[in-house]
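Please examine the sequence and the model shown below.

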Amino acid sequence: MSKRKIGMWLYSNGGGDKIGKKIIKKLKERGIETLDNINLRHAIAKNSHILYDDIKLDKLDLFFSYNAGEQTQYQMYLYQALNRMIPMINSYDSFALTEDKFHTSFVLRNNGVQTADYKLCHRDDGHQLKKIIKKWDKMVYKPTDGWGGVGLTKIENEANLDMLMPFLNQMDLRYFFVEKFIDYDNTDFRVDIVDGEFVGCYGRKASGTDWRTNVTSGGSVFVREANDEIIEIATKAAKACGVDIAGVDIIYDRDKEEYIVLEVNGIPAFATPEQEKMGLNFNDIKIEKIVELIDRKTRK
Ligand SMILES: Nc1ncnc2c1ncn2[C@@H]1O[C@H](COP(=O)(O)OP(=O)(O)O)[C@@H](O)[C@H]1O
Ligand SMILES: [Mg+2]
């Protein structure tokens, strides 16, 4: 049997470089060789092959893609093509799904996972938003492909919406996606799932002035235990999306008195060295489960 060989592209900031080295070492112990730093940005496709220097990526046993930093359209395009020939973690389809908030909520709802109520409509049907704000009281306008809380706009009343519409209309959007604004305590749960199993959980809290928990929006991370219900919801959400690795964001809706999934992240960051010092201690178990998963998926 020839030696198993995988390609990897993992983020290097925030302690990612060390995580990568640990994964490579553990894979080596299982007889799996890793070609590191394979950024599809520098790959080219030529007839039946996808080439990185002279490496035929389509001949690898698996490709592990874990870098949220810059997934350009080109990288996504090659990701999709490569996954037609070899297994990838996450699979292209599941990753692309989690990159879109509307598609994710649509799939979650159809698999019995509670999300915020939402509505999507064509850009010319802005009157739909008028109708819905009357019903919902407050809502959030969301870009379907955003991250870090960027572009999220809270709409508090009809007058707010009237003011915002001209700006939205100017932006040449294809559609509008809005969610009901959830009454919650401005904290969330980030639940890590690998291969259908719970790996770890932490919390995030919005800063005093903001309603968004994202660290990029001023939020802070804190140690937080999950309960059985939260773990069950997160596992179900990861399964519904088909992602092998997931970070599921969950908040508690105080009106409906239930947990809801806000989004599923296909490249949830490992705990940074500072966060590990705080007590976020799931990195090693996450690494172990990823290595086990790669081992299983490449066994011939
Ligand atoms: N429907 C909502 N109601 C109340 N708060 C929300 C809602 N949607 C998002 N938020 C807040 O905004 C943050 C970012 O939203 P999210 O959908 O996770 O987008 P992003 O991909 O930008 O993180 C969430 O962590 C949460 O704090
Ligand atoms: Mg989020």
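**From a strand pair to the whole chain**

His122 stands opposite Tyr175 in β11. That position belongs to the pairing of β8 with strand β11 (residues 175–180), which run antiparallel and are joined by 5 bridges; two strands are said to pair if DSSP finds at least two bridges between them. Strands (E, at least two residues) and helices (H or I, at least four residues) are DSSP runs, numbered from the N terminus. The model is a predicted one, in which local features need pLDDT of at least 70 and side-chain atom pairs count only at pLDDT 80 or more, whereas totals for chains, interfaces and linings use all residues. Residues are numbered from 1 along each chain as its sequence is written, while chains are lettered from A and ligands numbered from 1 in the order in which they are written.

The β8 and β11 strands belong to an open sheet of 4 strands, ordered β8-β11-β9-β10 with antiparallel pairing. At its edges are β8 (118–122) and β10 (153–155), each of which pairs on one side only. From one strand to the next, the twist averages 25 degrees. Helix α5 (residues 127–136) lies across β8, β9 (139–141), β10 and β11, and runs at about 5 degrees to β11. Such angles run from 0 to 180 degrees between N-to-C directions, the axes being lines fitted to C-alpha atoms, for helices over the stretch in contact.

A second open sheet has 5 strands in the order β14-β13-β12-β15-β16, again with antiparallel pairing. Because β14 (220–223) and β16 (258–265) stand at the edges with a single partner strand each, one side of each is left without a neighbour in the sheet. The twist here averages 35 degrees from one strand to the next. In general, strands of a sheet pair through backbone hydrogen bonds, either parallel or antiparallel.

Within this sheet, strand β12 (residues 187–194) is joined to strand β13 (residues 197–205) by 8 bridges, and the two run antiparallel. Thr187 has Lys205 as its bridge partner in β13, and Val194 has Glu197. β12 and β13 form a hairpin with 2 residues between them, and Asp195 in the turn has a positive phi of about 55 degrees. β12 also pairs with strand β15 (residues 245–253) in the antiparallel sense, over 6 bridges; there Val194 stands opposite Ile245. How far is β12 enclosed by the rest of the structure? It is largely enclosed, because 7 of its 8 residues are buried. A residue counts as buried if 20 or more other C-beta atoms lie within 10 Å of its own, as exposed if 12 or fewer do, and as partly exposed in between, with C-beta atoms placed from the backbone.

Ala237 has its place in helix α7 (residues 228–241), and is buried because 27 other C-beta atoms lie within 10 Å. Leaving aside neighbours within four places in sequence, Ala237 is in contact with Leu108, Val113, Val248, Val261 and Val264; contact requires that the C-beta atoms of two residues, placed from the backbone, lie within 7 Å. Asp295, in helix α9 (residues 283–298), counts as partly exposed because it has 16 C-beta neighbours inside 10 Å. Beyond its neighbours within four places in sequence, Asp295 is in contact with Arg30 and Ile32. The C-alpha atoms of Asp295 and Leu62 are separated by 9.8 Å, although these residues are 233 apart along the chain.

The chain is divided into domain 1 (4–89), domain 2 (98–113 + 184–289) and domain 3 (118–180), with bounds that come from an automatic or database domain assignment. The centres of domain 1 and domain 2, taken over C-alpha atoms, are separated by 25 Å. Their contact takes 10 residues from domain 1 and 9 residues from domain 2. On the domain 1 side, helix α1 (residues 16–29) supplies the largest share, 5 residues.

Where does ligand 1 lie? Domain 2 and domain 3 both give residues to the shell around ligand 1, so it lies between them. The ligand is surrounded by 22 residues, the closest being Ala116, Glu179, Ile182, Arg212 and Thr213; a residue is near a molecule if its C-beta atom, placed from the backbone, lies within 6 Å of it. By class, the shell has 10 nonpolar, 5 polar and 7 charged residues. Here Ala, Val, Leu, Ile, Met, Phe, Trp, Tyr, Cys and Pro count as nonpolar, Asp, Glu, Lys and Arg as charged, and the others, Gly among them, as polar.
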